[in-house]
Each structure stands twice: as structure tokens, then as C-alpha cells.
Amino acid sequence: MTLYIDPPTWPGHGRLWSHLVSDVSFEELHAFAAAIGCPPRAFERDHYDVPEAHYADAVRAGAREIGSKELVRRLTAAGLRRPKGRPAPGRSQEPTRSS
């Protein structure tokens, strides 16, 4: 299992954010995100938004630190990149909501 996270440099809502992705599957991504406490609402098309305060938790749990450009490159190469307006045909993107 390999998950990737970029540095928390993306501003929003008064915080800095990272992006957490998988280069294997959305299922792997959802499972890892749930294990580190990311709520389903943090999932956006092909990644989870992770606040700066939880960046170290993701890395300790096994996410590999890489730059933002490399993260997008790996996501695209895996066929998992989903820009706005392009749904994933035949793939489960949404995390399972257990409550």
C-alpha cells in the first residue's frame, strides 16, 4: 500500500492543506483516510484534503511525502486523476458512509 501526501501549502478556510492520494485505487485511499480519521466529507474527486495539523499523523501512518507536481503526476499515471467535471467511469470514487 502506497499513499502520497504533498506539503501543507494550499490555503483555505484560514488553514493550510495537503492532498492525500493513492496510486492504486480509491478503495485503498478511502481505507487509509478512514484509518487516520479523515471524515468522508474531506474527499474531493480524487484526493482527501488534510489540514496541516494532521499532516504528521498521515506521514506517521505511512503516507509518503512528495511534492505537489509529483503527486499529480503519479495520480494521473495511475488513471485516478479526476479533474472537475469528469467523473470516474466504472470506479467507486465516493467513500463509504458508515453512519
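Which element gives the most to the lining of the largest pocket? In this predicted model, the answer is β5, with four residues.

## The largest pocket

The largest pocket holds about 380 Å³ of space. Its lining counts 19 residues. Nearest the centre lie W17, A42, D49, V50 and P51.

Eight of its residues are nonpolar, six are polar and five are charged.

## Strand β5

β5 is mostly covered, with five of its five residues buried. Its residues point two ways. H47, D49 and P51 take one direction from β5. Y48 and V50 take the other. Residues on both sides of β5 are buried.

## Partners of β5

β5 pairs with β3 in the antiparallel sense, over four bridges. Within that pairing, W17 has P51 in β5 as its bridge partner. W17 and P51 are also among the residues nearest the centre of the largest pocket.

β5 also pairs with β4. This pairing is antiparallel too, over two bridges. Here E44 stands opposite H47 in β5. β4 and β5 form a hairpin, and two residues lie between them. R45 sits in the turn and has a positive phi of about 60°.

## The aromatic cluster

The structure holds two aromatic pairs. One is made by F26 and F43, and it is edge-to-face. The distance is 6.1 Å centre to centre, with 85° between the planes. Edge-to-face applies because the angle between the planes is over 60 degrees. This pair links distant parts of the chain. F26 belongs to helix α1 (residues 26-35), F43 belongs to strand β4 (residues 43-44), and they are 17 residues apart. F26 and F43 are both buried.

F43 also pairs with Y48. Their ring centres are 5.2 Å apart and their planes stand at 55°, so this pair is tilted. Y48 is buried, as is F43. F26, F43 and Y48 form one aromatic cluster.

## Putting it together

β5 gives four residues to the lining of the largest pocket. β5 pairs with β3 and with β4. Y48 of β5 points the opposite way from H47, D49 and P51, and Y48 forms one aromatic cluster with F26 and F43.

Notes
Residues numbered from 1 in each chain as written. Predicted model: local features only at pLDDT ≥ 70, side-chain atom pairs only at ≥ 80, totals over all residues. Heavy atoms only, no water. 1 Å grid on protein atoms, 1.4 Å probe; cavity = no way out; pocket = protein on both sides within 12 Å on 5 of 7 lines; lining within 4 Å. Points joined across faces, edges and corners; volume = space filled by probe spheres on them. Nonpolar A, V, L, I, M, F, W, Y, C, P; charged D, E, K, R; others polar. Phe/Tyr/Trp six-rings, centres within 6.5 Å; stacked < 30°, edge-to-face > 60°. Buried < 20%, exposed > 50% of the residue type's maximum accessible area, 1.4 Å probe, protein only. Pairing = 2+ DSSP bridges.
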